[in-house]
Amino acid sequence: MGTLKIKPGVITGDALLELFDQCKKVDCALPAVNVIGSHTANAALQAAREAKAPVVIQFSHTGSQFYGGKALDNADHRASIAGAVSGALHVRTMAKVYGVPVVLHTDHCAAKLLPWVDGVIGAGEEYFAKNGEPLFSSHMLDLSEEPLERNLEISRKYLSRIAKMKMTLEIELGVTGGEEDGVDNSGVAHDKLYTSPSDVLRAYDVLEPVGSFTVAASFGNTHGVYAPGNVKLKPTILRDSQSAVRTQRKTGKDEPVSFVFHGGSGSTPEEIREAVSYGVVKMNIDTDTQWAFTHPIKKFMDDKSAYLQGQLGNPEGPEKPNKKYIDPRGWIHLGEKGMTARLVEAFKDLGSFGKFDF
Ligand SMILES: [Zn+2]
């Protein structure tokens with residue numbers, strides 16, 4: 001087994017495939033964190049440094065827009081395209097300074113958002129022409145609301161485009177429950193929350209000849225954190241999907257499919273470990289890191305409330321200045337530290353803490 005030696009910086013092409021293979025070999029997965037600006041991106045880079053493992057940094061459509069500035073007009077997804085590119089360039093620059101390997105990814109892209117990913121891929125192709133490697137490591141399409149064959153046909157087209165840059169495509173089969181990024185699946189019928197192994201086999205047949213792909217399969221996982229008890233998690237769907245592909249297509253690989261676990265927030269360590277043991281290489285985490293960022297700031301605001309009523313005047317005197325409490329760097333850094341600590345915990349839950357050499 002041994003540890004895999006990886007270069008700091010953004011991991012693309014064959015190096016990404018080697019990384020996913022290594023994850024499956026040693027039964028670990030990488031946390032994939034949604035970032036919305038340089039503060040959260042830097043918090044993720046710091047977590048990778050502390051955990052001695054690569055991190056997946058990803059941008060959603062609205063996260064990309066926010067990265068560029070929420071006040072911008074997002075007609076034709078312009079702000080979301082430029083925000084994603086800007087975020088990717090920031091991460092590319094800083095990953096080397098932090099000395100950590102990073103997988104750069106875009107999150108859920110439903111059919112109506114395809115022009116967003118088209119724009120990001122277009123920018124990536126320009127980057128590729130100049131630099132000989134893609135801007136992002138991978139993109140996600142989420143066409144799980146479409147019929148299976150349409151989902152796979154569109155996914156195949158996109159994969160054949162990005163495979164020219166040796167990029168990986170993440171697809172979604174079945175529906176992730178809950179609500180995220182303005183998509184509300186909390187009312188979806190329970191059987192839709194479970195992907196069937198035959199759908200995974202069909203995806204394998206369509207996509208494997210074209211290029212590298214990962215599958216966000218639904219096994220009762222939900223976006224967001226809810227009181228337990230509504231939907232039962234069935235990670236064995238992942239195991240059964242692996243065995244369907246392995247036995248029916250004679251792949252020669254124990255785990256021919258690389259799975260992605262969406263809605264990782266709120267899952268127990270046991271649930272995470274079981275999913276990882278069936279070939280999950282990436283687990284998305286958002287709600288938990290949002291809370292980890294926000295909570296220390298709330299505490300600061302509460303604790304220092306008497307110092308934050310105006311620029312002058314606090315319990316120490318009516319003319320005492322409050323500048324050091326007002327400076328956003330003080331409390332934003334508390335959010336960054338909270339997010340880093342939560343991510344380090346995620347690396348431990350996913351078994352990837354300290355498992356890599358770079
Ligand atoms: Zn998701």
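1. Basis of the note. This is a predicted model, in which local features need pLDDT of at least 70 and side-chain atom pairs count only at pLDDT 80 or more, whereas totals for chains, interfaces and linings use all residues. Residues are numbered from 1 along each chain as its sequence is written, and side-chain values use heavy atoms, with hydrogens and water left out.

2. Overall chain. The protein chain has 12 helices and 16 strands, both taken as DSSP runs numbered from the N terminus (helices H or I, at least four residues; strands E, at least two). Its radius of gyration is 21 Å, which agrees with the value near 21 Å that a compact globule of 358 residues would have; the radius is taken over C-alpha atoms, and the globule rule is 2.2 Å times the number of residues to the power 0.38. The C-alpha trace spans about 75 × 50 × 45 Å along its principal axes. Of the 358 residues, 53% count as buried, where buried means under 20% relative accessible area, exposed over 50% and partly exposed in between (1.4 Å probe, protein chains only).

3. Zinc site. The zinc ion has as its protein donors His108 (NE2), His223 (NE2) and His262 (ND1), at 2.0 to 2.1 Å; donors are N, O and S atoms within 2.8 Å of the metal (3.2 Å for Na, K and Ca), and since water is not among the atoms, sites may look incomplete. His223 belongs to strand S11 (residues 222–223) and His262 to the loop between strand S12 (259–261) and helix H9 (269–277), so this pair ties together parts that are 39 residues apart in sequence. His223 counts as buried at 7% relative accessibility, and His262 likewise at 1%.

4. Largest cavity. A search of the whole structure finds two cavities of 30 Å³ or more, a cavity being a set of points, on a 1 Å grid over the protein atoms alone, where a 1.4 Å probe fits but cannot get out, with lining residues having an atom within 4 Å of a point. The largest has a volume of about 60 Å³, the volume being the space filled by probe spheres set on the points, which are joined across faces, edges and corners. Its lining includes the zinc donor His223, together with Asn34, Gln58, Asp107 and Glu180, among others.

5. Second cavity. The second largest cavity has a volume of about 40 Å³, and among the residues that line it are Phe20, His105, Lys282 and Thr214. Strand S6 (138–140) and strand S7 (168–173) are the elements that give two or more residues to this lining, and the largest share, three residues, comes from S7.

6. Strand S4. How many of the five residues of strand S4 (residues 55–59) are buried? Five of the five are, so the strand is largely enclosed by the rest of the structure. Val55, Ile57 and Phe59 point one way from S4, while Val56 and Gln58 point the other way. Strand S3 (residues 30–34) pairs with S4 in the parallel sense over three bridges, pairing being counted if DSSP finds at least two bridges between the strands. Gln58 in S4 is the bridge partner of Asn34, and both residues line the largest cavity.

7. Hairpin. Strand S14 (residues 312–314) pairs with strand S15 (residues 317–321) in the antiparallel sense over two bridges. A hairpin joins S14 to S15 through two residues, and Leu312 stands opposite Pro321 in S15.

Methods: 1 Å grid on protein atoms, 1.4 Å probe; cavity = no way out; pocket = protein on both sides within 12 Å on 5 of 7 lines; lining within 4 Å.
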